[in-house]
Amino acid sequence: MKLTLSLALVAFASVSGAASADIAMPLASHRAAYEISLGDAASTTMPNGETPVAASGLIAYEFRGSACEGYASTFRQLTELQRGEGDPIASDIRAVTFEDGDARSLKFEIDTRNPGASGQPISGSAVRAESGATAVELAKPAKERVDIGNDILFPTQHIERIIAMAKRSVRTMEARVYDGSDSGKKVFATLTVIGKETTGPGADGEKFQALSKVRRWPVSVSYFDESAKDAAPEYVLSFDLYENGVSGTLKLNYGTFALKATLSKLEWLPTPACAK
């Protein structure tokens, strides 16, 4: 079984002031940890028909940067699904990314280890030309150039757009997103549904008081394989998106089963100020 997660998860980051009359809240450099457990999908079965009886694991994430210097992140997701019989199914995803502040380039190194993965690390960069066309230069597993077209958003840029739309009370948004995951060649077609703005402690704010005064929006992002026409989403990611870029407790719905990732630790890091 293949457990994948778009690296958009690791880039819940910036706020686009250009699309809103609001003054953009500064991006929060931070470390966060999420504890994984079995979610409550309507049909919690694995592809072989078995029903997982439990799930455990951890997401560890660090984000640093600014619109001037760019955004650097490290991410690791360890997941173990317990079956009724047989050995557990384990997944280990590691990623390091850097996206420049103008969203003109994305560098990535990704290593995915699970029963459905090739076991080969993926690394490379994607660059957007002045014309808007985006090209990927893969270094691993083999050197290759891939043209992925126009109207591509990188992960932080994608989240910038979602927050900008949320501030304008726009409820749905479609976008083509590239993050280097899977084969390094995949473009995701995404559909985002944005709920109403809210403030107050909430589930995560009760544990982390610094979040209780930050406005947030419930967000659900469906990720589709762009090359698979009329297919169901590969997974749906639901969470509270805070204006300072922190994502609250997550639900990862893979269709046949779901995982819950509960925000368990949050540490603020120094955020560099842009030179005037």
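I started at the hairpin that joins E7 to E8 through three residues. The E labels are strands, meaning DSSP runs of at least two residues, numbered from the N terminus.

Before going on, I noted that this is a predicted model, where local features need pLDDT of at least 70, side-chain atom pairs count only at pLDDT 80 or more, and totals for chains, interfaces and linings use all residues. Residues are numbered from 1 along each chain as its sequence is written, and side-chain values use heavy atoms, with hydrogens and water left out.

E7 and E8 (residues 144–149) pair in the antiparallel sense over five bridges; pairing takes at least two DSSP bridges between the strands. I found Ala135 bridged to Asp147 in E8.

Next I looked at E6 (residues 122–128), which pairs with E7 (residues 134–140), also antiparallel, over six bridges. Ser123 sits opposite Lys140. Five residues separate E6 and E7 in their hairpin, and Gly132 in that turn has a positive phi of about 100 degrees.

Then I went to Arg113, in strand E5 (residues 105–113). Its side chain makes a polar contact of 3.1 Å with that of Asp111; the term means a pair of N or O atoms within 3.5 Å, one able to donate a hydrogen and the other to accept it within protein, and residues adjacent in sequence count only if both atoms are side-chain atoms.

Is Arg216 buried or exposed? It is buried, at 8% relative accessible area (buried is under 20%, exposed over 50%, partly exposed in between, with a 1.4 Å probe and protein chains only). Its side chain has a polar contact of 3.3 Å with the side chain of Asp240.

How values were computed:
Helix = DSSP H or I, 4+ residues; strand = E, 2+ residues; numbered from the N terminus.
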